[in-house]
Amino acid sequence: MSTLSRPEEQTASEKAYRVIDTDIHHSLPSWEALQPYLDEPWRTKIVAPNSRVGGLGVEAGRSRLDSTPPDGGTPGSDPEFLVQQLIVENHVDIGILTGNIYGWNVHPNPEYANAVIAAFNDYTIDKWLTPHDQLRGSITVNANDPEAAAAEIDRLGPRDDMVMVIIGATSTSPYGQKYYHPIYEAAIRHNLPVGIHVSAAGTGIAHSATAVGTPRTFFEYHSGLPRIYMTQLISLIGEGVFEKYPELKWVFIESGVVWLPHVMWRLDKEWKGLRREVPWVKRPPSEVIKEHCYFTTQPLEEPPNEDWLLQIFDMINGEQCLLYASDYPHWDFDALHVLNHLPPNYRRAIFQDNAQRLFNL
Amino acid sequence: MARHLVCRASDLPPGTRRIVTLAGRSIGVFNVKGEFYALRNACVHNQGPVCVGRVSGTYLPSAPDEYRPGLEGRVLRCPWHGWEYDITTAESLIDPTQKLRSYPVTVDDGNVVVDL
């Protein structure tokens, strides 16, 4: 029996629609917690020193200080506390968990990574999804082993409580290339969108965080993250992935969106002259992006003039493609009210309609 | 102005703080090196609970690769997105015109009193 209290009366504008939060990073309280879900040799290895992907701390940055559970554990690791703090207090109706394990695609040992990722999926189902019907999960897969990834999607895809496939944004080659296509075929088999999320560059077998080497500070690294998503989107277009897989939907999680009009216009302009090299790109890329790609709002850019943000949203057909996300418990998360200055049609679309349509909620 | 008693001054030694609700408002009361300050518990940025953040010093503006520690014990960092404020002036370190709401604090007969 849940002892969580229901929130006070919501404002009238919130009551008219549900709030769907599309990016919640739940986490393990410790690596020991994963051991029951692992076979040997991985069960022993996971708690050995220096045996894990090094970059996870960098990409997580600091978490919100007030997201530490009452027992003092890792932020995001206590399901009851997360549900109370984020779902109940933040008036969220459905929370989609994205976890923090997709970055293992750059671990040098894909067998190990496959095992750890599958164990994390099982842990998520066991400790998070089964006890809490406000939550949905993402099937994390090892993007560096597309056959194994497809098998994992086939294993968990039939579950109603899994609504997305999630992979790390940092890969060792661009995601449009056919090496990765078994993942997309599996996602389509189960009617699941593919989400990419920031994951550690410059660690494991990944290339450096930029095309010109490694930045010195987290400030530089984090400021430049949209670069990685831009590269992946251009690859999906240039390789004709959405031509090959017309049912495929992609979610760009935590990418920001203000760079998107630039990329849309540049792709359209380049395509007009260079079409011959990519004859499978049959329509302006911006149209393809608008039909297949969704973007989460967090981290919401903060231009000095709020109207400019709305103009950007209009340029990218944001009313159809934007999804609210908090990115709880990370330091750069977005509270619900940062979208208050948007007009009601945008709020309803971003909080509910687009996620409902994309994830079949 | 309404005067609100927070606690005995001896219960709020230097380097400590209390978060209290006065007239329905969440307010952080800080003792910085023997002086008391009261700040509204709402960050200028996104109205996060700024007063629960870490208090420390910071690194002042400097030349590249130069580190100038300063404002020791005076800097409150919002737990949400890291914005820094000087407790003693309520000003944010990135823009002095962005300030937390602050309230006068006096010690009256051994009691810490905030004027709202």
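Trainee: Which residues touch the most other members of the largest nonpolar core?
Mentor: In this predicted model, they are A:Tyr184, A:Trp250 and A:Phe295, within a core of 93 residues.

Trainee: And which element gives the largest share of this core?
Mentor: That is α5(A), with eleven residues. As a general background, nonpolar side chains tend to be buried together in soluble globular proteins.

Trainee: What is A:Tyr184 in contact with, leaving aside its neighbours within four places in sequence?
Mentor: Its contacts are A:Tyr175, A:Val194, A:Val241, A:Tyr245, A:Leu248 and A:Trp250. Apart from the core that includes A:Tyr184, there is another core of 16 residues, among them B:Val32, B:Val50, B:Trp80 and B:Tyr85.

Trainee: Before we go on, what scores does the predictor give the complex?
Mentor: The complex has an ipTM of 0.80 and a pTM of 0.87. For chain B, the average pLDDT is 95, and 100% of the residues score at least 70.

Trainee: Let us turn to the sheets. What is the strand order in the open sheet of chain A?
Mentor: The order is β1-β2-β3-β4-β5-β6-β7-β8, eight strands with parallel pairing. At the edges stand β1(A) and β8(A), the latter covering residues 322–323, and each pairs on one side only.

Trainee: How many bridges join β4 to β5 there?
Mentor: Four bridges join β4(A), residues 162–168, to β5(A), residues 194–197. Across this pair, A:Val165 stands opposite A:Val194, and A:Val194 is also one of the contacts of A:Tyr184.

Trainee: Which strands does α4(A) lie across?
Mentor: Helix α4(A) lies across β1, β2 and β3 of chain A, and it runs at about 130° to β1(A). Another helix, α12(A), residues 285–292, packs on the sheet as well and touches β6(A) and β7(A). The direction of α12(A) makes about 65° with that of β7(A).

Trainee: How many of the ten residues of α4(A) are buried?
Mentor: Nine of the ten are buried, so the helix is mostly covered, taking buried to mean under 20% relative accessible area. Among them are A:Phe81, A:Leu82, A:Gln84, A:Gln85 and A:Leu86. The cover includes β1, β2, α5 and β3 of chain A.

Trainee: What happens at the start of that helix?
Mentor: There, a side-chain oxygen of A:Asp78 comes to within 3.0 Å of the backbone nitrogen of A:Glu80.

Trainee: Where does A:Asp21 lie, and is it buried or exposed?
Mentor: A:Asp21 lies in strand β1 of chain A. It counts as buried because its relative accessibility is 0%.

Trainee: What does A:Asp21 touch beyond residues up to four places away in sequence?
Mentor: The residues it touches are A:Leu86, A:Val92, A:Ile94, A:Gly95, A:Ile96, A:Tyr324, A:Ala325 and A:Ser326. One of these, A:Leu86, is also among the buried residues of α4(A).

Trainee: Now to chain B. Which strands form the open sheet of three?
Mentor: They are β1, β10 and β9 of chain B, in the order β1-β10-β9, with antiparallel pairing. The edge strands are β1(B), residues 3–8, and β9(B), residues 105–108. From one strand to the next, the twist averages 30°.

Trainee: How many bridges pair β1(B) with β10(B)?
Mentor: There are five bridges, and the pairing is antiparallel. Within that pairing, B:Leu5 has B:Val113 of β10(B) as its bridge partner.

Trainee: Where is B:His45, and what does its side chain join?
Mentor: B:His45 lies in the loop between β4 and β5 of chain B. A polar contact of 2.7 Å joins its side chain to that of A:Glu302. Beyond residues up to four places away in sequence, B:His45 touches A:Glu302, B:His81, B:Trp83 and B:Tyr85.

Trainee: Why does B:His45 count as buried?
Mentor: It counts as buried because its relative accessibility is 16%, and the cut-off for buried is under 20%.

Trainee: What about B:Val44, which loop holds it?
Mentor: B:Val44 lies in the loop between β4(B), residues 35–40, and β5(B), residues 55–60. With 26% relative accessibility, B:Val44 counts as partly exposed. Its contacts include B:Trp83, B:Tyr85 and B:Leu100. The C-alpha atoms of B:Val44 and B:Tyr85 are separated by 10.0 Å, and the two residues are 41 residues apart along the chain.

How values were computed
Residues numbered from 1 in each chain as written. Chains lettered and ligands numbered in written order. Predicted model: local features only at pLDDT ≥ 70, side-chain atom pairs only at ≥ 80, totals over all residues. Heavy atoms only, no water. pLDDT = per-residue confidence, 0-100. Buried < 20%, exposed > 50% of the residue type's maximum accessible area, 1.4 Å probe, protein only. Helix = DSSP H or I, 4+ residues; strand = E, 2+ residues; numbered from the N terminus. Contact = heavy atoms within 4.5 Å. Polar contact = N/O pair within 3.5 Å; in protein donor to acceptor, adjacent residues only side chain to side chain. Core = buried A, V, L, I, M, F, W, Y, C linked by side-chain atoms within 4.5 Å. Pairing = 2+ DSSP bridges. Axes fitted to C-alpha atoms, helices over the stretch in contact; angles between N-to-C directions.
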